[in-house]
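Let's take a friendly walk through this model together. Keep the viewer open as you read, and follow each stop in turn.

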Amino acid sequence: MAALDSRPTTPVRCVPASTQEPRNPFAGDTRDLANLDFLRTVAVSLVFVEHLAGTADFHGLGSIGRLGVLIFFVHTSLVLMFSMERLKLSGFRLYFVFLVRRIFRIYPLSILAVIAVTTFRIPAVSGAGGFQWIGWPSFFSNAFLTQNLTHSKSVDFLWSLPFEMQMYLVLPFLFLLLSRFPSLKFASLIWLLGIAIAWSEWAVQPETADMNYLLARYIPCFLAGVVAWRIMSSQPRRFPGFLWILFLLLLVAAYRAVDIGRVYGPAAFGAVHGAFRTDHEIWWPHFLDLARDWVFCAATGVALPFFREIRIGWLNGLSRKVALYSYGIYVAHVPALWLCFDLLRPSSLLVGAVLSIALTAALAILLYLLVEHPAIELGKRLSILPAPHPALS
């Protein structure tokens, strides 16, 4: 799952005045981030709901949590492009500051999660066979977030973070490149190049290869956020904010429909199958899994810039809070489900669900106050470089 700064501060363009583009719609009042907050809220909610459904042994939701992770990838790259605008740096200084802050943003909480899952023997899904020790090599690979490089088994909810950490190595380069060549056509060309790279990696793999370890498969997902960043600098937002809510609801429904077709193929239109999803066998060719992810990320990234901000006060307030604590929610929800359902054994699923939501919220706030925020501030302090001295004449 993606983990990033949930509310980008006011970005400042760092390109020469002669090449500056129309004012970024997110420049100015930082309250104008409601759509991004809502997007992040939807993403983390999808992940939580899928794991809650799995704990309750309900299979009708399929893999909607995966859509949540894909949305996180788009949101991550978009927000971080804004953050690099704000830094107003270039070259080595940009790389150093950016990477130090990312390391302190991600690793403290992820390492704590690996230690907690191992120490308390927390299973990936409550009631699904109990805890399984992954071994010391995989333990350290999870701690360093290199599972996709070492082909190690992931602590379930950390599988997406290695892809994020590796994409962080590329984003500053993309930012500098697109600041120099700021056209939307150039950004789109980079996105198409990302698809070509990801497809090429898949094409050379043997049929027995595990697609979860393809290094480039999510590059087009992250690049969809980069394209969204370019669109926001040049295109007006035409549609009212409430349609953004409707768009995301339809996106979730479409993803679920595609997931049913993925599993059952033409049989999906025939007799009712009972539980929608009972295993991970798929009907269509494996490559379409990659294409599905790219299409839904592209739809999210291209659509976002065209919607005006949501103006529903209570929803914006709730989304702002969920976005702020979303990384903690992502890390804490599986342990919370385990505690509420496996250890406390509630009298009903409804009681367990309410308890798990409350405990996840409490843990997320606590983790933010004790781990996330102090680590973020430490990363900011450690990333400060002295200004270069002018050469003596």
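## Salt bridges

A salt bridge here is a side-chain nitrogen of Lys or Arg within 4 Å of a carboxyl oxygen of Asp or Glu. Keep in mind that the model is a predicted one. With that cut-off, Arg-262 and Asp-289 form a salt bridge, and their closest N and O atoms are 2.7 Å apart. Arg-262 belongs to helix H10 (residues 242-264) and Asp-289 to helix H11, so this pair ties together parts that are 27 residues apart in sequence. Arg-262 is buried, with a relative accessible area of 10%, and Asp-289 also counts as buried, at 8% relative accessibility.

The whole structure holds eight salt bridges. Another of them links Asp-293 with Arg-217, where the closest N and O atoms are 3.3 Å apart. Because Asp-293 sits in helix H11 (residues 287-303) and Arg-217 in the loop between H8 and H9, the pair ties together parts that are 76 residues apart in sequence. Asp-293 and Arg-217 are both buried.

Which residue meets Arg-292 in a salt bridge? The partner is Asp-293, with an N to O distance of 3.1 Å. Arg-292 is buried at a relative accessible area of 6%, and Asp-293 counts as buried at 1%. Through salt bridges that share partners, Arg-66, Arg-217, Arg-292 and Asp-293 are joined into one network.

Beyond its neighbours within four places in sequence, Trp-244 is in contact with Asn-35, Phe-38, Leu-39, Thr-300, Ala-303, Leu-304, Phe-307 and Ile-310.

As a reminder, an α-helix has 3.6 residues a turn, so residues three or four places apart point the same way.

## A buried glycine

Gly-68 is found in helix H2. Is Gly-68 buried or exposed? Gly-68 is buried, with a relative accessible area of 0%. Leaving aside neighbours within four places in sequence, Gly-68 is in contact with Ala-43, Leu-46 and Val-47. Gly-68 and Ala-43 are 25 residues apart in sequence, yet their C-alpha atoms are 3.9 Å apart in space.

## A nonpolar surface patch

Our last stop is on the outside. Leu-339, Leu-343, Leu-344, Val-351 and Leu-355 form a nonpolar patch on the surface, and together they have about 400 Å² of accessible area. Helix H13 (326-343) and helix H14 (349-382) are the elements that give two or more residues to this patch. Leu-344 has its place in the loop between H13 and H14, and Leu-344 is exposed, with a relative accessible area of 52%.

Technical notes
Residues are numbered from 1 along each chain as its sequence is written. This is a predicted model: local features need pLDDT of at least 70, side-chain atom pairs count only at pLDDT 80 or more; totals for chains, interfaces and linings use all residues. Side-chain values use heavy atoms; hydrogens and water are left out. Patches are made of residues with over 30% relative accessible area and no salt bridge: like charges are joined within 9 Å, nonpolar side chains (Val, Leu, Ile, Met, Phe, Trp, Tyr) within 5 Å. Accessible areas come from the Shrake-Rupley method with a 1.4 Å probe; for residues, only the protein chains shown count as cover. Helices (H or I, at least four residues) and strands (E, at least two) are DSSP runs, numbered from the N terminus. Buried means under 20% relative accessible area, exposed over 50%, partly exposed in between (1.4 Å probe, protein chains only). Contact means heavy atoms within 4.5 Å.
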